[in-house]
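Colleague: I am new to reading protein models, and I would like to learn how to do it one feature at a time. Could you show me one and walk me through it?

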Amino acid sequence: MPFGRLPVPSVESAFVVFDAQDSGCLSYGVEEAGRRWLVKTATTVEGRASLDRAVAVHAAVSHLAIVRPIRTVHGAAGPTLVYPWYDGSVLNHATVHGADRSGLTRFQHLPVPQIEVALDAILDAHLAVSAAGLVAVDLYDGCFLYDFVASRIRLIDLDEYRPGPFVLAADRLPGSRRYMAPEEFARGSVIDERTTVHALGRTLHHLLDSPEGWRGPQDCRRNSPEAWQGTNEQRRVVERATRQAPAARYPDVPALVRAWRLATP
């Protein structure tokens, strides 16, 4: 465990600071005990609630692809989480200034079998999420950290995941519209595993889309075979997973994963 009982290093000692997100959290990288770490702390009430959820998520879920904190320090401003630092590129570096998807473009240029290995790791991680009784909220390409040297994907910032099913008591859930299901925009709707299935289906679609697909209108991308790098069988799995009506999708994450693996060469 880093730092032992010593205080968590302050942001003043950081070698990098991430302070332009809209999550209500401040993250920064520090070096201590010969290693690098990522420290995440809340700056708003919303950020504190998010980190409280993160603590609960990591207490319930353990998977090699999910980056989990190795130390949690509880204080008056909420929990401070210390994560191991991993090198890599976030596929979508989203800030209040806009989105940088250069990592995603680079990822989409990888050989398809290499992309499929990463996709399987994402799906496998969500089998653990499903088994823990959690629903994916705010899953998008900004949650994927890819190490292009080691050819390994990791999942980060799963702070909004929560126990399900539950009834949406707000006008919408947090997240990227490119990944969200229709029920996430309807107060009073049921959010359950079929919502996770939709998010994973959109993940499969976007990450196995061709880089050129981002340059055209979304409807053209969806209908153009040139914008899809997978097989027709994989495309049919994605189509079912992302249907508008929850009842028309795969009933749960294990069913989606089984179908995807059967469709993947």
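**Reading the model, feature by feature**

Colleague: With which residue does Asp-159 form a salt bridge?

Modeller: A salt bridge is a side-chain nitrogen of Lys or Arg within 4 Å of a carboxyl oxygen of Asp or Glu. Here Asp-159 pairs with Lys-40, and their closest N and O atoms are 2.6 Å apart. This pair links distant parts of the chain, 119 residues apart: Asp-159 is in the loop between S11 and S12, while Lys-40 is in strand S3. The labels follow DSSP runs, numbered from the N terminus: helices are H or I runs of at least four residues, and strands are E runs of at least two.

Modeller: Before we go on, please keep in mind that this is a predicted model, where local features need pLDDT of at least 70, side-chain atom pairs count only at pLDDT 80 or more, and totals for chains, interfaces and linings use all residues. Residues are numbered from 1 along each chain as its sequence is written, and side-chain values use heavy atoms, with hydrogens and water left out.

Colleague: Thanks! Are Asp-159 and Lys-40 buried or exposed?

Modeller: We judge that by relative accessible area: buried means under 20%, exposed over 50%, and partly exposed in between, using a 1.4 Å probe and protein chains only. Both Asp-159 and Lys-40 are buried. For Lys-40 the value is 5%.

Colleague: How many salt bridges does the structure hold?

Modeller: There are 13 salt bridges. Another one involving Lys-40 is with Asp-157, where the closest N and O atoms are 2.9 Å apart. Again, distant parts of the chain are linked: Lys-40 in strand S3 (residues 35–42) and Asp-157 in the loop between strand S11 (152–155) and strand S12 (162–163), 117 residues apart. Asp-157 has 41% relative accessibility, so it counts as partly exposed.

Colleague: Which side chain meets that of Glu-160 in a salt bridge?

Modeller: That is Arg-162, with 2.5 Å from N to O. Arg-162 counts as buried at 18% relative accessibility, and Glu-160 counts as buried at 13%. Salt bridges can also share partners, and in this way Lys-40, Asp-157 and Asp-159 are joined into one network.

Colleague: Let us turn to cysteines. How many disulfides does a search of the whole structure find?

Modeller: A disulfide is a pair of cysteine sulfur atoms within 2.5 Å. The search of the whole structure finds 0 of them. Cys-25 is in no disulfide, and the nearest cysteine sulfur belongs to Cys-143, 13 Å away.

Colleague: Next, helices. At what angle do helix H6 and helix H7 pack?

Modeller: Two packed helices are described by the angle between their axes and the distance between the axes. Axes are lines fitted to C-alpha atoms, for helices over the stretch in contact, and angles run from 0 to 180 degrees between N-to-C directions. Helix H6 (residues 232–241) and helix H7 (residues 253–263) pack at about 165°, with axes 8 Å apart. H6 and H7 are therefore roughly antiparallel; under 35 degrees counts as roughly parallel, over 145 as roughly antiparallel, 65 to 115 as roughly perpendicular and the rest as oblique.

Colleague: How closely do the axes of helix H3 and H7 approach, and at what angle do they cross?

Modeller: The axes of helix H3 (residues 112–131) and H7 come within 9 Å and cross at roughly 155°. That makes H3 roughly antiparallel to H7.

Colleague: One last topic, the backbone. Which residues does a cis peptide bond join?

Modeller: Most residues other than glycine have a negative phi, and most peptide bonds are trans. In this model a cis peptide bond joins Gly-164 and Pro-165, with omega about 0°. Pro-165 is in the loop between S12 and strand S13 (166–167).

Colleague: And what is the phi of Asp-138?

Modeller: Phi of Asp-138 is near 65°, a positive value in a residue other than glycine. Asp-138 sits in the loop between strand S9 (134–135) and strand S10 (144–147), and is partly exposed at 24%.
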